[in-house]
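Here are some notes on the model, for comparison with your own reading. Please check them against the coordinates.

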Amino acid sequence: MIRVVLPAHLRALAKSDSEVQVEVEGRATIASVLDALEAKYPTLQGTIRDHVTRQRRPFVRFFACEEDWSHEPTDKALPEAVTNGSEPLLLVGAIAGG
Amino acid sequence: MSQVRVLVGTKKGAFVLSADGKREKWEVSGPHFGGWEIYHMKGSPADPNRLYASQSSGWFGQVIQRSNDGGKTWETMDNKFVYDGVPGTHQWYDGTAHPWEFKRVWHLEPSLTDPDTVYAGVEDAAIFRTADGGKSWQELPGLRAHGSGPHWQPGAGGMCLHTIILDPGNPQRMYIAISAAGAFRTDDGGATWQPINKGLVSNMMPDPKAEVGHCVHHVAMHRSRPDVLFMQKHWDVMRSDNAGDSWREVSGNLPTDFGFAIDVHAHEPETVFVVPIKSDSEHYPPEGKLRVFRSRTGGEEWEPLTNGLPQHDCYVNVLRDAMAVDSLDSCGVYFGTTGGQVYASPNGGDTWAPIVRDLPSVLSVEVQTLP
């Protein structure tokens, strides 16, 4: 079970609590967690990464275990603490704009 | 007794303003989708309780919302706007080739007869259609396939398809407008399109009378005369009497012919409303006076409408999709400002009063007249 913390606007779209849980088969990576998240909450499709390019939206960041994973390869294995559910993967809306 | 429902899209959410036919006491509902930009919200003429809203943000991209109960509850719909085939390139601001990239939906135009069919005008400019109530969207690729597509260039606000007009007498005919490519028409339900910009003169262009490249801000039509179109261009108010085949300027005695919004009276096809804005670099009313100008002669002769509008120290803008009319016997006229006011006139523009004064910056205003 992977824990994922959503920013407020995505929480509203998903009609979920701030933290959600998803199941990932095999190795947990940014890509596989997002696949599972979008499958469980289809209204989040296209809001975290582009529908076509699958690239992270520029103002969305990924953090895990106090490290910025935004620029890591999306197929890189997430830390064990995220995989075993003791730490969440954080999706963060950048502090920007007006 | 009849009712009106004013659908207001703002930079930080959607609002629904409701009143009875007197249009004196208003109920305000919202913000819906607080914190998100609502570029446009519009109801289906075939089922007024079916509403569609374009919700977007710089963080999380595009979302489409649908309501089946007049805006009380909303359902998130498909947001996958994927260009047909290889998107190709258009011109960037510096004239270099730039790939077509979807950014947002500027305008949603529901079908006149089918609540599940809606057209979406998007940035970068293209037109999409859903026939299943927003569950999926498909591009009508014939527009971008018009040979001029690689020469289109964005206006300051982006290369947006912001206006979609459906011909009530001919379901095969539609008009659209793009900043800054110009106006186009289809006569075969969107399969093929032709530019309709003859008569437009844009002096900032290398060829001021080019077939495409004009910064058309908005176009309006009266449903009883679908061949007569009124246009607010970047500069110039224009009129066509032949479905856009040719245009003539009708700016007449306007204090400035720059502006964004334009609309036509519900019952008087020759009565037109515009909100003159000082210039393209000063997006506020001239002299700090917020004035709607009305022509009862289809253009050329314009009168200022000021009763109830601020006549000093007013420096707001009225954006292209932020004016609408209702169809009650005494035609109501509505517009929203970048300062967050929504003004209503229950008498065709003679007098005005604010419905609300302190919303976020208003991006769009639509009105539904309900039985």
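1. In chain A, 5 strands make an open sheet of mixed pairing, ordered E2-E1-E5-E3-E4. Strands are DSSP runs of E with at least two residues, helices are runs of H or I with at least four, both numbered from the N terminus; two strands pair if DSSP finds at least two bridges between them. E2 and E4 (67-68) of chain A are at the edges with a single partner strand each, so one side of each has no neighbour in the sheet.

2. This is a predicted model: local features need pLDDT of at least 70, side-chain atom pairs count only at pLDDT 80 or more, and totals for chains, interfaces and linings use all residues. Residues are numbered from 1 along each chain as its sequence is written, with chains lettered from A and ligands numbered from 1 in the order in which they are written.

3. E3(A) and E5(A) are antiparallel, joined over 5 bridges. A:Phe63 has A:Leu90 of E5(A) as its bridge partner.

4. Helix H2 (residues 30-40) of chain A has A:Ile30, A:Val33, A:Leu34 and A:Leu37 as its buried residues (buried: 20 or more other C-beta atoms within 10 Å of the residue's own, C-beta atoms being placed from the backbone). They line one face of H2(A), because they fall within an arc of 95° seen down its axis (the arc of the directions from the helix axis to the C-beta atoms).

5. In chain B, 7 of the 7 residues of strand E22 (residues 258-264) are buried, so E22 is largely enclosed by the rest of the structure. E22(B) runs antiparallel to strand E23 (residues 272-277) of chain B, with 5 bridges. B:Val264 is opposite B:Val272 in E23(B).

Notes
Buried ≥ 20, exposed ≤ 12 C-beta atoms within 10 Å, placed from the backbone.
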